[in-house]
Amino acid sequence: MALSLNFDREPQQVLFRGNSCVKVVTLNRSRKLNSLNHEMICQIKKNLELYENDSSVKLVILKGNGKAFCAGGDVVSVITSSIAGHWTYPASFYKKQLTLDHLIATYKKPVVFAMPEASIGFFPDVGATYFLSNLPGYFGEYLGLTGARLGGAEMAACGLATHFVPSMKLNSLENALEAITSSNVSTIATIIEKFAEKANVKEESSFRRLKTINKCFSKVTVEEIIQSLENELEVGAEKWITNALSSMRSSSPTSLKIFLKSIKMGRVQNIEQCLHRDYNIACHFFRRTISNDFYEGSRAKLIEKDNKPKWEPSKLKLVNEEMVDQFFSNINDEEWESLQFSHGSHSQIVSRL
C-alpha cells in the first residue's frame with residue numbers, strides 16, 4: 001500500500017472567536033472537508049472546556065468553513081499512523097475523538113450547530129447508532145446500511161436537524177445569536193425560529209417512502225433486508241431502492257452486519273454506552289485480528305482510489321454471528337486502554353441547522 005505523505009503544516013485549522021457571551025468555533029480545513037486530526041480535536045476540546053467553565057459564556061456556535069461541516073476523523077492520517085507505528089496509535093486518536101464527541105453531547109451550556117445546506121453522507125460510528133436509532137421507524141437502519149445522503153430539508157423532517165435555515169440566512173442568524181446575553185434555551189430557540197423555514201421534502205425523497213423502508217429495514221438480518229428490497233424492486237422500480245441495493249452489495253459484509261447489530265443495541269442504550277461500543281468495534285478493526293476490511297476499504301476508496309475493495313469475507317453468508325460478536329468485546333491486549341468519560345450528562349444542544 002503506497003502512501004503519499006505531506007509534511008507541510010496546516011495553519012489555523014480551527015478558528016476561535018466571539019464576544020464575552022457567545023463563542024464561535026469554526027472548522028477551517030475545507031480542502032479536507034473539515035475532517036478532524038489530533039491537533040484540531042485537542043484545540044476544540046481545550047477551548048470548549050474553558051468556555052464551559054466561564055460563567056460569562058452563554059452560548060457556543062459550532063460551524064465549518066466550505067461546503068462541509070465535518071467529514072469526521074481524518075481516516076488517511078489514522079491509516080498512516082497505524083501502518084507506520086502500532087495499531088494502538090489510531091485507537092488513541094479515536095479515543096480522543098470520542099471524548100470530544102461526548103463532551104459536546106453532554107455540554108452544560110447551549111450549543112448551536114450551523115451546517116451548510118449541502119448533502120451529507122453517514123458513516124455509522126461516533127455515536128451514530130444512538131441518534132440514528134431515534135429516527136422515525138427504521139429510517140436510521142436505512143441511512144446507516146446504505147450511506148444514503150440527505151439534504152437540509154430531509155434532515156429537519158426526519159429529526160436529524162431541529163430547524164431548517166436556508167444558507168443565505170445563516171450569517172444573519174449568526175449575527176443575531178452573537179447579540180444574546182442569556183443562556184435561556186427558549187430565548188435562543190425563538191431567535192432561530194425567526195430565520196427558520198418549513199422543510200419541504202421533495203417528492204422523490206426516500207423519507208417519503210418511510211412505509212416501505214420500515215417494511216424492509218425492520219427485518220432481523222441483513223440478508224433478509226436485501227431480499228425484501230429485491231421483492232419491492234420487482235413490484236415497481238424506484239431509484240432509491242436501486243441505490244440502496246447497489247450500496248449494500250458493494251459494502252463490507254462484515255461492517256453491514258456489525259452496524260445492524262449495533263443500532264439494535266443503540267435503541268435501548270444511552271450515548272455513553274453507544275460510544276463505548278463504537279470504541280471497542282473500531283479498536284478491533286484497527287487491530288486487524290478479526291478483519292482487515294477497514295484498511296482494505298481505506299486503500300480502495302481513499303488512498304489508491306481504485307474503488308475495488310476486496311472484502312474478506314466477501315459474502316454475507318460467510319460472516320457468522322460468532323465473528324460479529326467478537327467486535328463487541330473488550331480487547332485482549334496489554335497495550336489497549338479502555339474508554340473513560342469524566343464529563344457529566346447535561347446536554348443543551350439547542351439547534352442543529
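Is Ser82 buried or exposed?

1. Ser82. In this predicted model, Ser82 is buried, since its relative accessible area is 8% and the cut-off for burial is under 20%. The residue belongs to helix H2, which spans residues 75-84. When neighbours within four places in sequence are set aside, the contacts of Ser82 are Trp87, Pro90, Phe286 and Tyr295.

2. Secondary structure and overall dimensions. The protein chain contains 15 helices and five strands. Along the principal axes, the C-alpha atoms occupy a box of roughly 60 × 50 × 35 Å.

3. Burial, surface and contact range. Of the 353 residues in the protein chain, 49% are buried. Considering contacts between residues at least 6 apart in sequence, 76% link residues at least 24 apart.

4. Helix H5 against helix H9. Helix H5 covers residues 139-146 and helix H9 covers residues 210-217; their axes come within 8 Å and cross at roughly 75 degrees. The two helices are therefore roughly perpendicular to each other, as the range for that class is 65 to 115 degrees. On the H5 side, the contact is formed by Phe139, Glu141, Tyr142, Leu145 and Thr146, while H9 supplies Leu210, Ile213, Asn214 and Phe217. Sorted by class, this contact of H5 with H9 comprises six nonpolar, two polar and one charged residues.

5. Helix H5 against helix H11. Helix H11 comprises residues 239-250, and H5 packs on H11 at an angle of about 55 degrees with the axes 8 Å apart. This angle makes H5 oblique to H11. Tyr142, Leu145 and Thr146 of H5 meet Trp240, Ala244, Ser247 and Met248 of H11. By class, the contact of H5 with H11 has five nonpolar and two polar residues, and no charged residues.

6. Residues of H5 in both contacts. Tyr142, Leu145 and Thr146 take part in the contact with H9 and also in the contact with H11. Which orientation does H5 adopt towards H9, and which towards H11? Helix H5 is roughly perpendicular to H9, whereas H5 is oblique to H11.

Technical notes. Residues are numbered from 1 along each chain as its sequence is written. This is a predicted model: local features need pLDDT of at least 70, side-chain atom pairs count only at pLDDT 80 or more; totals for chains, interfaces and linings use all residues. Side-chain values use heavy atoms; hydrogens and water are left out. Axes are lines fitted to C-alpha atoms, for helices over the stretch in contact, and angles run from 0 to 180 degrees between N-to-C directions. Helices (H or I, at least four residues) and strands (E, at least two) are DSSP runs, numbered from the N terminus. Angles under 35 degrees count as roughly parallel, over 145 as roughly antiparallel, 65 to 115 as roughly perpendicular and the rest as oblique. Contact means heavy atoms within 4.5 Å. Ala, Val, Leu, Ile, Met, Phe, Trp, Tyr, Cys and Pro count as nonpolar, Asp, Glu, Lys and Arg as charged, and the others, Gly among them, as polar. Buried means under 20% relative accessible area, exposed over 50%, partly exposed in between (1.4 Å probe, protein chains only).
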